[in-house]
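Welcome! Keep the 3D view open and turn it as you read.

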Amino acid sequence: MKMHVAADTAALSRELADFIQQDIAEVLKTKDRYTLVLSGGNTPKQLYQLLASEAYRNNIPWEKLHFFWGDERFVPFEDSRNNAKMAFEELLDKVPASRDHIHVMDTSLNPEASSEQYTEALSAYFGNEGATFDLVLLGMGDDGHTLSLFPGTAVVHENEKWVTAFYLDAQSMYRITLTAPVVNRASKVAFMAAGKNKAEVLKQVVNGDRNVDLYPSQIIKPENGELHWFVDGDAASALASAQ
Ligand SMILES: O=C1O[C@H](COP(=O)(O)O)[C@@H](O)[C@H](O)[C@H]1O
């Protein structure tokens, strides 16, 4: 695991944008496409804005990128809580990505149908052996959740399905999410965390005893890939030392 500590959200977004740009260039030396899983929430907004800015927009071969989502709040696309809506507004509407390379979790279907459709989309894209994303971007809530794997929910332990939908009582909404085994097959996983409210949970996730029911982010451990954390000084403030 590699911990990248930056001064603030702007600096961590720059460091991660550079990391993504370099990884795309490296992977495309031997492959003709690059698969990127986007995360939702507030933390990646600055990253997406930066990637859409002139400095990065002109240096990334967008037509070779294929976009997926890690999870979705099951609200209409037009709803401001929709993770895909944010990614379109901040990034995808502003770069020359191919529309047929953008694989949104469709919240206009019922949750079960949407989950089946996304599983089929992954299967059609990667084949039956399963998804092997180049890079998965993840956030972490101050309760330790990542994707839509929330503390105390059965979905944390889902090992059969690649994608699943479920009703999250605490938020009175359905969620759809990739499962941990799919993410753990990725070549690289990069978490983002910023703010004092993430400090204690980050310490537990990274340095605490394993308890994935309490801290679902701990379940993310790429089998053969790399795990990176991009955090700001506030989020890192409870760690014993910067790693
Ligand atoms: O609900 C969600 O929250 C997490 C964390 O979001 P943040 O606002 O604390 O950055 C996010 O990673 C996930 O995609 C989203 O559905």
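This is a predicted model: local features need pLDDT of at least 70, side-chain atom pairs count only at pLDDT 80 or more; totals for chains, interfaces and linings use all residues.

**The parallel sheet**

Strand 8 (residues 188–193) and strand 9 (residues 226–232) run parallel and are joined by 6 bridges. They belong to an open sheet of 6 strands, ordered 1-9-8-5-2-3, in which the pairing is parallel. At its edges you will find strand 1 (2–6) and strand 3, each of which pairs on one side only. Going across this sheet, neighbouring strands are turned by 20° against each other on average, direction ignored.

Which residues have the most contacts inside the largest nonpolar core? They are Val136, Val183, Phe191, Met192, Ala193 and Val231, and the core itself has 66 residues. Ala193 is worth a click: leaving aside its neighbours within four places in sequence, Ala193 is in contact with Thr43, Met140, Lys198, Leu202, Trp229, Val231 and Ala235.

A second stop is an open sheet of 3 strands in the order 4-7-6, with antiparallel pairing. Strand 4 and strand 6 (163–168) have a single partner strand each, so one side of each is left without a neighbour in the sheet. From one strand to the next, the twist averages 15°.

Strand 6 and strand 7 (residues 173–178) run antiparallel and are joined by 6 bridges. Two of the bridge partners are listed here.

| Residue | Bridge partner in strand 7 |
|---|---|
| Val163 | Leu178 |
| Phe166 | Arg175 |

The hairpin of strand 6 and strand 7 has 4 residues between the strands, and in this hairpin Ser172 takes a positive phi near 50°. Helix 5 (residues 111–126) lies across both strand 6 and strand 7, and runs at about 160° to strand 6.

Now find helix 4 (residues 83–90), where Asn83, Ala84, Lys85, Met86 and Ala87 are buried. What covers the buried residues of this helix? The cover includes strand 2 (34–38), helix 2 (45–52), strand 3 (65–69) and strand 4 (71–73).

Helix 2 packs with helix 4 at an angle of about 35°, and their axes are 8 Å apart. From helix 2, the contact is made by Lys45, Tyr48, Gln49 and Ala52, and from helix 4 by Met86, Ala87 and Glu90. By type, the residues of this contact divide into 4 nonpolar, 1 polar and 2 charged.

**Around the ligand**

Asn83, which is buried in helix 4, is also one of the residues around the ligand.

**A last stop**

Finally, look for Asn59, in the loop between helix 3 (54–57) and strand 3. Is Asn59 buried or exposed? Asn59 counts as exposed because Asn59 has 10 C-beta neighbours inside 10 Å, and a residue is exposed if that count is 12 or fewer. Asn59 and Lys161 are 102 residues apart in sequence, and from C-alpha to C-alpha they are 36 Å apart in space.

Terms used:
Residues are numbered from 1 along each chain as its sequence is written. A residue is buried if 20 or more other C-beta atoms lie within 10 Å of its own, exposed if 12 or fewer, and partly exposed in between; C-beta atoms are placed from the backbone. Helices (H or I, at least four residues) and strands (E, at least two) are DSSP runs, numbered from the N terminus. Two residues are in contact if their C-beta atoms, placed from the backbone, lie within 7 Å. A residue is near a molecule or strand if its C-beta atom, placed from the backbone, lies within 6 Å of it. A nonpolar core is a set of buried Ala, Val, Leu, Ile, Met, Phe, Trp, Tyr and Cys residues joined through C-beta atoms within 7 Å. Two strands pair if DSSP finds at least two bridges between them. Axes are lines fitted to C-alpha atoms, for helices over the stretch in contact, and angles run from 0 to 180 degrees between N-to-C directions. Ala, Val, Leu, Ile, Met, Phe, Trp, Tyr, Cys and Pro count as nonpolar, Asp, Glu, Lys and Arg as charged, and the others, Gly among them, as polar.
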